[in-house]
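Open the structure in your viewer and keep the selection tool ready. The tour goes stop by stop.

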Amino acid sequence: MSHMPLVSNKYGEITQYQKADSVDILNIQHSLCSASVSLYGGQVLNWQPKGQPPVLWLSDTSQYQQGKAIRGGIPLCWPWFGAYKDAGNHGFARQMRWELLEADITEHKVELTLVAAGENLSHLWPTPFKLVQKISFSAQFQQQLTISNLSDQPVEFTSAFHSYFQVSSPEYTSVSGLNGVKFDDKNTLLTAQQDILDNCVGPIDRIYHDHNTQQLKDSGWQRVIEVESTHCQQWVLWNPGKEVASSMNDLHSGGESEYVCLEAANTEWQNIPAQKSVTLKQKISVIPF
Ligand SMILES: O=P(O)(O)OC[C@H]1O[C@@H](O)[C@H](O)[C@@H](O)[C@@H]1O
(Lines give C-alpha, C1' and ligand atoms only; values in the text may rest on other atoms or scores of the structure.)
Protein backbone atom coordinates (compact mmCIF):
# COMPACT_ATOMS: atom_id res chain seq x y z
CA MET A 1 0.00 0.00 0.00
CA SER A 2 1.86 3.13 -1.14
CA HIS A 3 1.21 6.42 0.60
CA MET A 4 1.40 9.51 -1.59
CA PRO A 5 2.28 12.70 0.32
CA LEU A 6 -0.28 15.45 -0.35
CA VAL A 7 0.86 18.12 2.10
CA SER A 8 3.81 18.03 4.42
CA ASN A 9 5.53 20.58 6.62
CA LYS A 10 7.32 20.71 9.97
CA TYR A 11 4.01 20.33 11.87
CA GLY A 12 2.57 17.33 10.13
CA GLU A 13 1.78 15.36 7.01
CA ILE A 14 -1.22 14.27 4.97
CA THR A 15 -0.78 11.24 2.75
CA GLN A 16 -3.22 9.43 0.51
CA TYR A 17 -3.54 5.75 -0.28
CA GLN A 18 -6.05 3.47 -1.95
CA LYS A 19 -7.76 1.03 0.39
CA ALA A 20 -9.80 -0.77 -2.25
CA ASP A 21 -11.06 -0.10 -5.75
CA SER A 22 -12.03 3.59 -5.79
CA VAL A 23 -11.77 4.06 -2.01
CA ASP A 24 -9.10 6.66 -1.30
CA ILE A 25 -8.04 7.30 2.27
CA LEU A 26 -6.31 10.39 3.64
CA ASN A 27 -3.97 9.70 6.52
CA ILE A 28 -3.14 12.58 8.86
CA GLN A 29 -0.18 12.80 11.21
CA HIS A 30 0.25 15.92 13.35
CA SER A 31 2.04 16.69 16.59
CA LEU A 32 -1.38 16.98 18.32
CA CYS A 33 -3.25 14.03 16.80
CA SER A 34 -3.55 11.41 14.11
CA ALA A 35 -6.61 10.84 11.94
CA SER A 36 -7.90 9.35 8.72
CA VAL A 37 -10.67 10.23 6.30
CA SER A 38 -12.21 8.27 3.45
CA LEU A 39 -13.02 10.25 0.31
CA TYR A 40 -15.64 7.58 -0.33
CA GLY A 41 -18.49 8.85 1.84
CA GLY A 42 -16.50 11.92 2.89
CA GLN A 43 -16.24 9.94 6.09
CA VAL A 44 -13.93 10.58 9.01
CA LEU A 45 -12.66 7.14 10.06
CA ASN A 46 -10.30 7.87 12.94
CA TRP A 47 -9.29 10.70 15.20
CA GLN A 48 -6.85 10.14 18.04
CA PRO A 49 -5.52 13.07 20.07
CA LYS A 50 -1.96 12.42 21.35
CA GLY A 51 -1.93 10.49 24.63
CA GLN A 52 -5.52 9.21 24.23
CA PRO A 53 -7.02 5.95 23.05
CA PRO A 54 -8.79 6.50 19.68
CA VAL A 55 -11.94 8.58 20.08
CA LEU A 56 -13.71 7.06 17.08
CA TRP A 57 -14.40 3.39 16.53
CA LEU A 58 -13.99 1.61 13.19
CA SER A 59 -15.03 -1.95 12.44
CA ASP A 60 -12.24 -4.35 11.36
CA THR A 61 -14.69 -5.92 8.92
CA SER A 62 -15.97 -2.71 7.31
CA GLN A 63 -16.66 -3.10 3.63
CA TYR A 64 -14.88 -0.60 1.42
CA GLN A 65 -16.85 -0.80 -1.78
CA GLN A 66 -19.25 1.23 -3.87
CA GLY A 67 -22.83 0.75 -2.74
CA LYS A 68 -21.88 -0.12 0.87
CA ALA A 69 -21.47 2.19 3.82
CA ILE A 70 -18.28 2.05 5.89
CA ARG A 71 -19.08 0.84 9.44
CA GLY A 72 -17.54 3.23 11.95
CA GLY A 73 -15.99 6.68 12.20
CA ILE A 74 -18.53 9.38 11.35
CA PRO A 75 -20.83 8.42 8.46
CA LEU A 76 -22.82 11.39 7.18
CA CYS A 77 -26.49 10.49 7.06
CA TRP A 78 -28.06 12.73 4.42
CA PRO A 79 -30.43 13.67 2.76
CA TRP A 80 -32.37 11.44 5.08
CA PHE A 81 -31.80 9.80 8.43
CA GLY A 82 -32.93 6.18 8.94
CA ALA A 83 -35.17 4.41 6.47
CA TYR A 84 -37.17 6.51 4.00
CA LYS A 85 -39.97 5.05 1.85
CA ASP A 86 -38.50 2.27 -0.31
CA ALA A 87 -34.91 3.47 0.12
CA GLY A 88 -32.29 2.11 2.43
CA ASN A 89 -31.05 3.68 5.65
CA HIS A 90 -29.43 7.08 5.96
CA GLY A 91 -29.40 8.54 2.42
CA PHE A 92 -26.75 8.57 -0.27
CA ALA A 93 -24.08 11.03 0.99
CA ARG A 94 -22.20 8.25 2.80
CA GLN A 95 -21.88 6.37 -0.48
CA MET A 96 -20.78 9.29 -2.65
CA ARG A 97 -17.33 10.10 -3.85
CA TRP A 98 -16.11 13.32 -2.28
CA GLU A 99 -13.27 15.49 -3.56
CA LEU A 100 -10.57 17.08 -1.46
CA LEU A 101 -10.73 20.81 -2.16
CA GLU A 102 -8.23 22.14 0.40
CA ALA A 103 -5.82 20.77 2.96
CA ASP A 104 -3.87 22.89 5.39
CA ILE A 105 -1.48 22.06 8.20
CA THR A 106 -0.53 24.64 10.83
CA GLU A 107 1.12 24.41 14.22
CA HIS A 108 -2.34 24.19 15.83
CA LYS A 109 -4.38 21.95 13.54
CA VAL A 110 -5.00 20.16 10.26
CA GLU A 111 -7.93 21.43 8.23
CA LEU A 112 -9.58 19.69 5.30
CA THR A 113 -12.33 20.87 2.99
CA LEU A 114 -14.23 18.18 1.09
CA VAL A 115 -16.96 18.67 -1.48
CA ALA A 116 -19.62 16.52 -3.10
CA ALA A 117 -22.34 17.60 -5.48
CA GLY A 118 -25.03 15.93 -7.53
CA GLU A 119 -28.50 15.87 -8.98
CA ASN A 120 -31.04 13.08 -9.49
CA LEU A 121 -29.07 10.73 -7.24
CA SER A 122 -32.31 9.23 -5.93
CA HIS A 123 -35.86 9.32 -7.25
CA LEU A 124 -36.82 10.24 -3.67
CA TRP A 125 -34.48 13.23 -3.61
CA PRO A 126 -33.80 14.50 -7.15
CA THR A 127 -32.83 18.06 -6.18
CA PRO A 128 -29.46 19.49 -7.36
CA PHE A 129 -27.24 20.12 -4.34
CA LYS A 130 -23.73 20.82 -3.13
CA LEU A 131 -22.19 19.67 0.15
CA VAL A 132 -19.10 21.30 1.60
CA GLN A 133 -17.56 19.65 4.63
CA LYS A 134 -14.88 21.40 6.67
CA ILE A 135 -13.07 19.27 9.22
CA SER A 136 -10.52 20.44 11.74
CA PHE A 137 -8.29 18.00 13.63
CA SER A 138 -6.20 18.89 16.67
CA ALA A 139 -6.55 18.05 20.37
CA GLN A 140 -10.18 18.90 19.54
CA PHE A 141 -12.29 17.89 16.54
CA GLN A 142 -14.64 20.15 14.60
CA GLN A 143 -16.80 19.31 11.63
CA GLN A 144 -19.20 21.43 9.66
CA LEU A 145 -21.42 20.48 6.78
CA THR A 146 -22.87 23.19 4.54
CA ILE A 147 -25.76 21.97 2.42
CA SER A 148 -26.71 24.12 -0.57
CA ASN A 149 -30.00 23.75 -2.37
CA LEU A 150 -29.13 24.62 -5.99
CA SER A 151 -32.72 24.41 -7.21
CA ASP A 152 -35.48 27.01 -7.56
CA GLN A 153 -37.73 25.12 -5.14
CA PRO A 154 -37.48 24.66 -1.38
CA VAL A 155 -36.27 21.23 -0.31
CA GLU A 156 -36.31 19.19 2.90
CA PHE A 157 -33.74 16.91 4.47
CA THR A 158 -33.05 14.95 7.64
CA SER A 159 -29.51 14.14 8.77
CA ALA A 160 -27.00 12.88 11.29
CA PHE A 161 -23.32 13.07 12.12
CA HIS A 162 -23.43 9.33 12.94
CA SER A 163 -20.43 9.26 15.29
CA TYR A 164 -19.18 5.89 16.55
CA PHE A 165 -17.35 6.62 19.82
CA GLN A 166 -14.81 4.09 21.02
CA VAL A 167 -15.33 3.26 24.70
CA SER A 168 -13.87 0.81 27.22
CA SER A 169 -17.30 -0.85 27.23
CA PRO A 170 -20.91 0.37 26.84
CA GLU A 171 -21.40 -1.12 30.30
CA TYR A 172 -19.08 1.50 31.81
CA THR A 173 -20.41 4.35 29.67
CA SER A 174 -23.29 6.71 30.37
CA VAL A 175 -24.80 9.90 28.94
CA SER A 176 -26.48 11.37 32.00
CA GLY A 177 -27.50 14.55 30.14
CA LEU A 178 -30.11 12.48 28.29
CA ASN A 179 -31.71 11.11 31.44
CA GLY A 180 -35.26 12.38 31.73
CA VAL A 181 -35.23 13.84 28.19
CA LYS A 182 -38.21 12.74 26.00
CA PHE A 183 -37.25 10.13 23.45
CA ASP A 184 -38.80 8.00 20.72
CA ASP A 185 -37.75 4.37 20.97
CA LYS A 186 -37.01 2.89 17.54
CA ASN A 187 -36.90 -0.63 19.03
CA THR A 188 -40.31 -0.61 20.74
CA LEU A 189 -41.82 2.10 18.46
CA LEU A 190 -43.08 3.88 21.60
CA THR A 191 -42.84 7.67 21.38
CA ALA A 192 -42.38 10.40 24.00
CA GLN A 193 -40.77 8.05 26.51
CA GLN A 194 -38.73 9.16 29.52
CA ASP A 195 -36.40 7.20 31.74
CA ILE A 196 -32.92 6.94 33.21
CA LEU A 197 -30.21 4.85 31.56
CA ASP A 198 -27.37 3.71 33.82
CA ASN A 199 -25.24 2.56 30.90
CA CYS A 200 -25.24 2.21 27.12
CA VAL A 201 -25.49 -1.56 26.77
CA GLY A 202 -27.60 -2.39 23.69
CA PRO A 203 -30.02 -2.95 22.25
CA ILE A 204 -30.61 0.81 22.45
CA ASP A 205 -31.98 2.81 19.52
CA ARG A 206 -33.42 6.11 20.69
CA ILE A 207 -34.12 9.54 19.27
CA TYR A 208 -33.84 12.11 22.07
CA HIS A 209 -35.54 15.44 21.48
CA ASP A 210 -32.79 17.63 22.82
CA HIS A 211 -29.85 19.55 21.38
CA ASN A 212 -27.88 20.46 24.50
CA THR A 213 -24.19 19.57 24.67
CA GLN A 214 -23.77 15.96 25.83
CA GLN A 215 -21.04 14.11 27.67
CA LEU A 216 -20.27 10.45 27.15
CA LYS A 217 -18.73 9.43 30.45
CA ASP A 218 -16.52 6.34 30.30
CA SER A 219 -15.57 5.20 33.80
CA GLY A 220 -13.50 2.28 32.41
CA TRP A 221 -11.06 4.54 30.58
CA GLN A 222 -11.68 7.42 32.97
CA ARG A 223 -12.46 9.81 30.16
CA VAL A 224 -15.30 12.06 29.07
CA ILE A 225 -16.08 12.73 25.41
CA GLU A 226 -18.04 15.95 25.04
CA VAL A 227 -20.11 16.57 21.92
CA GLU A 228 -21.56 19.95 21.08
CA SER A 229 -23.83 20.40 18.07
CA THR A 230 -25.19 23.36 16.10
CA HIS A 231 -28.40 23.23 14.03
CA CYS A 232 -28.97 19.62 15.01
CA GLN A 233 -32.26 19.24 16.90
CA GLN A 234 -31.93 15.68 18.26
CA TRP A 235 -29.48 13.20 19.68
CA VAL A 236 -29.62 9.58 18.60
CA LEU A 237 -28.18 6.98 20.96
CA TRP A 238 -27.55 3.62 19.33
CA ASN A 239 -25.88 0.37 20.20
CA PRO A 240 -27.18 -2.78 18.51
CA GLY A 241 -26.51 -5.20 21.39
CA LYS A 242 -25.09 -8.69 20.99
CA GLU A 243 -27.90 -10.41 19.10
CA VAL A 244 -28.41 -7.80 16.36
CA ALA A 245 -24.63 -7.26 16.11
CA SER A 246 -24.08 -10.95 15.39
CA SER A 247 -26.27 -10.59 12.28
CA MET A 248 -24.28 -7.62 10.93
CA ASN A 249 -21.58 -8.92 8.61
CA ASP A 250 -19.57 -5.66 8.63
CA LEU A 251 -19.19 -5.58 12.41
CA HIS A 252 -16.29 -7.61 13.78
CA SER A 253 -17.03 -10.14 16.48
CA GLY A 254 -17.55 -8.39 19.83
CA GLY A 255 -17.48 -4.94 18.16
CA GLU A 256 -20.76 -3.90 19.77
CA SER A 257 -19.04 -3.93 23.16
CA GLU A 258 -16.40 -1.40 21.95
CA TYR A 259 -18.54 1.55 20.87
CA VAL A 260 -21.53 3.76 21.51
CA CYS A 261 -23.09 5.91 18.79
CA LEU A 262 -24.12 9.37 19.92
CA GLU A 263 -25.38 11.11 16.80
CA ALA A 264 -26.03 14.82 16.36
CA ALA A 265 -29.13 14.51 14.21
CA ASN A 266 -32.11 16.15 12.59
CA THR A 267 -34.72 13.42 12.54
CA GLU A 268 -37.53 15.80 11.54
CA TRP A 269 -37.59 17.40 8.07
CA GLN A 270 -35.60 20.61 7.81
CA ASN A 271 -36.34 23.14 5.09
CA ILE A 272 -33.79 24.81 2.80
CA PRO A 273 -35.30 27.60 0.70
CA ALA A 274 -34.51 27.75 -3.04
CA GLN A 275 -30.89 28.68 -3.76
CA LYS A 276 -30.02 28.83 -0.02
CA SER A 277 -27.71 26.91 2.31
CA VAL A 278 -27.74 25.61 5.87
CA THR A 279 -24.74 24.66 7.98
CA LEU A 280 -24.69 21.87 10.59
CA LYS A 281 -21.81 21.47 13.02
CA GLN A 282 -20.40 19.30 15.72
CA LYS A 283 -17.45 19.76 18.04
CA ILE A 284 -15.89 16.86 19.93
CA SER A 285 -13.53 17.28 22.89
CA VAL A 286 -11.95 14.92 25.37
CA ILE A 287 -12.23 16.51 28.79
CA PRO A 288 -11.00 15.48 32.24
CA PHE A 289 -13.06 12.78 33.95
O1 LIG B 1 -26.68 -0.10 9.53
P2 LIG B 1 -26.82 1.36 9.27
O3 LIG B 1 -27.66 1.66 8.07
O4 LIG B 1 -25.51 2.06 9.22
O5 LIG B 1 -27.62 1.95 10.51
C6 LIG B 1 -27.15 1.75 11.80
C7 LIG B 1 -28.10 2.35 12.83
O8 LIG B 1 -28.05 3.75 12.73
C9 LIG B 1 -28.76 4.44 13.75
O10 LIG B 1 -28.63 5.80 13.54
C11 LIG B 1 -30.22 4.06 13.66
O12 LIG B 1 -30.95 4.72 14.69
C13 LIG B 1 -30.36 2.56 13.77
O14 LIG B 1 -31.74 2.20 13.63
C15 LIG B 1 -29.54 1.87 12.71
O16 LIG B 1 -29.61 0.48 12.87
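In which sense do strand β10 and strand β20 pair, and over how many bridges? Select residues 140-149 for β10 and residues 277-287 for β20: the two pair in the antiparallel sense over nine bridges. Within this pair, Q143 stands opposite Q282 in β20. Strands here are DSSP runs (E, at least two residues), numbered from the N terminus. Two of them pair if DSSP finds at least two bridges between them.

Two notes before moving on. This is a predicted model: local features need pLDDT of at least 70, side-chain atom pairs count only at pLDDT 80 or more, and totals for chains, interfaces and linings use all residues. Residues are numbered from 1 along each chain as its sequence is written.

**The sheet**

Now show the whole sheet. It is open, has eight strands with antiparallel pairing, and runs in the order β7-β8-β9-β10-β20-β17-β16-β13. β7 (99-105) and β13 (173-174) stand at the edges; each has a single partner strand, so one side of each is left without a neighbour in the sheet.

Six bridges join β7 to β8, which run antiparallel. A hairpin of four residues connects β7 to β8. Pick I105 and you will find V110 of β8 opposite. Next, β8 pairs with β9 in the antiparallel sense, over nine bridges. There, A117 faces K130 in β9.

Select L124, in the loop between β8 (110-118) and β9 (129-137). The cut-offs: buried means 20 or more other C-beta atoms within 10 Å, exposed means 12 or fewer, and partly exposed is in between, with C-beta atoms placed from the backbone. Not counting residues up to four places away in sequence, L124 touches Y84, K85 and A87. Contact means C-beta atoms, placed from the backbone, within 7 Å.

**Strand β3**

Jump to I25 in strand β3 (residues 23-30). I25 is buried, with 21 other C-beta atoms within 10 Å. Its C-alpha atom is 6.1 Å from that of L39, 14 residues apart along the chain.

**The core**

Finish with the largest nonpolar core, of 70 residues. Such a core is a set of buried Ala, Val, Leu, Ile, Met, Phe, Trp, Tyr and Cys residues joined through C-beta atoms within 7 Å. Select L56, F165, L237 and L262, which touch the most other members. Strand β19 (residues 259-272) gives the most to this core, with seven residues. Leaving aside neighbours within four places in sequence, the contacts of F165 include L56, W57 and L262.

Definitions and conventions. Two residues are in contact if their C-beta atoms, placed from the backbone, lie within 7 Å.
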